[in-house]
Amino acid sequence: MGEFVRLEVADGIGTIRLDRPKMNALNLQVQTEIEECAREATLRDDVAAVIVYGGERVFAAGADIKEMQSMSYTDMAVAVEGLHSFTTTLARMPKPSVAAITGYALGGGCELAMCCDFRLAGESAQLGQPEILLGIIPGAGGTQRLTRLVGPAKAKDLIFSGRFIKADEALAIGLVDRVVPDDQVYAAAREWMSTFVGGPRFALKAAKEAIDRGGELDLDSGLALEKSLFSALFATHDRFVGMESFVVNGPGKAQFEGR
Ligand code: CAA
């Protein structure tokens with residue numbers, strides 16, 4: 001349990017809850033605490049899916065500008081490793097994840113959201129990569145993950161201009177996946193993630209790995225990765241459960257055991 005970030009676990013869902021007033025600015029300590037929570041969520045058997053949530057008012061307004069202000073090149077050459085470490089650890093959690101976005105998700109906050117499998121936003125949420133307005137560029141994966149999500153031209157539009165976009169535009173370009181009324185963001189994220197509780201844990205892990213890692217490879221290498229992940233699932237108990245249940249009871253009724 002960190003000072004600013006905690007992992008709350010209930011009903012099979014782990015919530016990585018950011019709580020650093022006023023804007024959940026991601027200082028070095030917050031980054032470390034998010035990484036610790038992501039590791040814990042990865043290892044805990046009672047966490048089937050993960051929500052990243054900043055509370056009812058704001059998701060996160062980015063890296064802590066006041067902390068970065070006095071950093072030298074060499075300071076940042078060290079600190080950037082932390083930025084990439086926490087975001088990569090989060091992105092590689094072998095479980096479904098969603099960013100539940102209220103208010104601002106800017107700079108490192110938007111980059112944090114892009115480490116999740118999905119983004120669910122409130123109607124008045126605003127997203128953006130405003131680093132250019134500070135004379136820098138996104139440094140926690142934004143140039144890469146935003147481009148992969150929305151394509152190079154839209155990523156350049158957002159990163160070159162630093163403009164904020166509202167939830168409806170983010171939905172239209174594929175930066176967010178669902179938009180709900182502001183007061184339903186967390187509940188809707190829980191409802192979504194609850195669909196994975198009791199799911200075939202190793203198949204979900206394999207699907208995520210095949211899509212995320214495979215997407216970084218040429219087609220032949222991606223297909224080879226899929227082949228080996230697909231075959232490996234035949235060593236799991238859940239695939240017996242899933243197929244036997246289909247044969248006996250019809251589709252979609254399997255009670256998976258996560259092994
Ligand atoms: N770092 C540090 N402090 C921040 C912050 C940040 N990223 N964002 C907001 N704050 C602080 C403000 O300084 C202010 O503090 P005080 O009350 O002590 O003065 C407080 O939070 C509230 O902010 P505002 O008064 O500005 O509130 P607002 O409602 O008028 O505006 C905002 C909110 C649009 C989020 C605005 O604060 C803003 O533009 N913030 C900066 C966003 C930004 O540039 N993010 C990118 C950071 S760089 C980065 O993330 C690099 C990377 O890729 C890793």
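## Surface patches, salt bridges and aromatic pairs

Met-23, Tyr-104 and Phe-164 make a nonpolar surface patch of about 250 Å². The model is a predicted one, in which local features need pLDDT of at least 70 and side-chain atom pairs count only at pLDDT 80 or more, while totals for chains, interfaces and linings use all residues. Residues are numbered from 1 along each chain as its sequence is written, and side-chain values use heavy atoms, with hydrogens and water left out.

A patch is built from residues with over 30% relative accessible area and no salt bridge; nonpolar side chains (Val, Leu, Ile, Met, Phe, Trp, Tyr) are joined within 5 Å and like charges within 9 Å. Accessible areas come from the Shrake-Rupley method with a 1.4 Å probe.

Tyr-104 is found in strand E5 (residues 104–106); helices here are DSSP runs of H or I with at least four residues, and strands are runs of E with at least two. Tyr-104 is partly exposed at 33% relative accessibility, and Phe-164 is also partly exposed, at 36%. In these terms, buried means under 20% relative accessible area, exposed means over 50%, and partly exposed lies in between.

The whole structure contains 4 aromatic pairs. Rings of Phe, Tyr and Trp (its six-membered ring) pair if their centres lie within 6.5 Å, with planes under 30 degrees apart counted as stacked, over 60 as edge-to-face and the rest as tilted. Tyr-104 and Phe-164 have ring centres 6.0 Å apart and planes at 70°, so this pair is edge-to-face. Because Tyr-104 lies in strand E5 and Phe-164 in strand E8 (residues 164–166), the pair ties together parts that are 60 residues apart in sequence. Phe-230 and Phe-234 form another edge-to-face pair, at 5.5 Å centre to centre and 70° between the planes. Phe-230 is exposed, with a relative accessible area of 54%, whereas Phe-234 is partly exposed at 38%.

Glu-56, Glu-123, Asp-182 and Asp-183 gather in a patch of negative charge. Asp and Glu count as negative and Lys and Arg as positive; His and the chain ends are not counted. The charge is placed at CG of Asp, CD of Glu, NZ of Lys or CZ of Arg. Asp-182 lies in the loop between strand E9 (178–180) and helix H8 (185–194) and is partly exposed, at 37% relative accessible area.

There are 12 salt bridges in the structure, each defined as a side-chain nitrogen of Lys or Arg within 4 Å of a carboxyl oxygen of Asp or Glu. Three of them are listed here.

| Salt bridge | N to O distance |
|---|---|
| Asp-64 and Arg-20 | 2.9 Å |
| Asp-117 and Lys-208 | 3.0 Å |
| Arg-163 and Glu-169 | 2.7 Å |

Asp-64 lies in the loop between strand E3 (49–53) and helix H2 (65–68), and Arg-20 in the loop between strand E2 (13–18) and helix H1 (28–43), so their bridge ties together parts 44 residues apart in sequence. Asp-64 is buried at 10%, and Arg-20 is buried at 18%.

Asp-117 sits in the loop between helix H4 (108–114) and strand E6 (118–122), and Lys-208 in helix H9 (residues 201–214), so this pair links parts 91 residues apart in sequence. Asp-117 is partly exposed at 24%, whereas Lys-208 is buried at 11%.

Conventions
Buried means under 20% relative accessible area, exposed over 50%, partly exposed in between (1.4 Å probe, protein chains only).
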